[in-house]
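Visitor: I have a model on the screen. Please show me how to read it.

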Amino acid sequence: MSALVLDKPSPSITFPQPVAKYGAEDHAVWRHLFQRQAKLVADRACPDFLRGLKLLGLDDGGIPDFERLSDRLEAATGWRLACVEGFLPDADFFHLLAARRFPVTWWIRSWAKLDYLQEPDVFHDLFGHVPLLAQPVFADYMQAFGEGGLKAERLGALHRLARLYWYSVEFGLIQTPDGPRIHGAGILSSKGESVFCLDADAPNRVGFDLKRIMRTRYRIDTYQKTYFVIRDFEQLFEATRPDFAPIYAALEGQPDLAAGALQPEDRIFHRGSLDPVAGGWQDETPDT
Ligand code: HBI
Ligand code: FE
């Protein structure tokens, strides 16, 4: 991708972490979530995630200081955290990624919402996303993704990149000598999906294929019907190297695929039963 002139994201978007706003309860929620997830993913997360967790010194000592964490992360791969209020407009999000700044929501969920919240909080962003930003190839992929997003916007192809982000950065699996392991942040920060994605018979597990993913719809309110498995992070980074414009053009003529529909060209690791009860897919709200 050609180097883009990056103007800074609008200043109000990022601000110093309001550490004074954290109460004892917020730190207690972090401690609980960290202890639970770190134990649960110890043999389910990919090795690079576990290495990143250790390298960054993320622990159950309470909500971390973003600047201190940024100093460690920057030493590893040049990324820093950008403290934000929550979900950002696409353009702001892509600008930050392209500048190797990862947006991290400052607040944490309440005890009442421990296991499901609509939008990312500091635990999802820090525990789910940040450890892999210490992995050099994934760190480059995330910056390339940001640059691609700025272009996709101009080409009206944001929904294609949103699917790529969803099925890799949020819900991706990766091959290891011991079988598939988790690299997606949306899974790693979720108690139920950390087990479901690898153990359940219901979902498909299919080899990563960029164009196939860009055609595949998804739902934001249930576990996935299909998980895509990359060979390694190089495969993910390589996928972002070509100019996407011809890819978007080629996809125009092809119909979208339902979230659970297997394709003849799929490399199938596991053909799921797609059982609606086992997957929690009973209420057929449309996937987008
Ligand atoms: N904003 N803070 C934040 N975090 C995200 O993960 C995020 C976002 N805005 C847009 C977005 N993700 C998705 O549209 C991606 O597919 C680009
Ligand atoms: Fe996320």
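**Reading a buried arginine and a ligand site**

Guide: Start with one contact: the side chain of Arg109 reaches the backbone oxygen of Leu114 at 3.0 Å. This is a predicted model, in which local features need pLDDT of at least 70, side-chain atom pairs count only at pLDDT 80 or more, and totals for chains, interfaces and linings use all residues. Residues are numbered from 1 along each chain as its sequence is written, chains are lettered from A and ligands numbered from 1 in the order in which they are written, and side-chain values use heavy atoms, with hydrogens and water left out.

Visitor: What counts as a polar contact?

Guide: A pair of N or O atoms within 3.5 Å; within protein, one must be able to donate a hydrogen and the other to accept it, and residues adjacent in sequence count only if both atoms are side-chain atoms. Here, the Arg109 side chain also makes a polar contact with the side chain of Asp121, at 2.8 Å.

Visitor: Is Arg109 buried or exposed?

Guide: Buried means under 20% relative accessible area, exposed over 50%, partly exposed in between (1.4 Å probe, protein chains only). Arg109 has 7%, so Arg109 is buried. Arg109 lies in the loop between strand 2 (101-105) and helix 5 (122-129). Helices (H or I, at least four residues) and strands (E, at least two) are DSSP runs, numbered from the N terminus.

Visitor: And Leu133, buried or exposed?

Guide: Leu133 is buried because its relative accessibility is 0%. Leu133 is in the loop between helix 5 and helix 6 (136-155). Leu133 and Ala76 are 57 residues apart in sequence, yet 8.7 Å apart in space, C-alpha to C-alpha.

Visitor: Now the ligand. Which residues are around ligand 1?

Guide: Being near takes a heavy atom within 4 Å. Around ligand 1 are Gly86, Phe87, Leu88, Asp90, Phe93, Phe94, Ala162 and Tyr165. Helix 4 gives the largest share of this shell, three residues.

Visitor: Which polar atoms lie by ligand 1, and at what distance?

Guide: A backbone N or O atom of Leu88 lies 2.9 Å from a ligand 1 nitrogen. A polar side-chain atom of Asp90 is 2.9 Å from an oxygen of ligand 1. For a polar side-chain atom of Tyr165 and a ligand 1 oxygen, the distance is 3.3 Å.

Visitor: How much of ligand 1 does the protein cover?

Guide: Accessible areas come from the Shrake-Rupley method with a 1.4 Å probe. On its own, ligand 1 has 390 Å² of accessible area, and the protein covers 92% of it.
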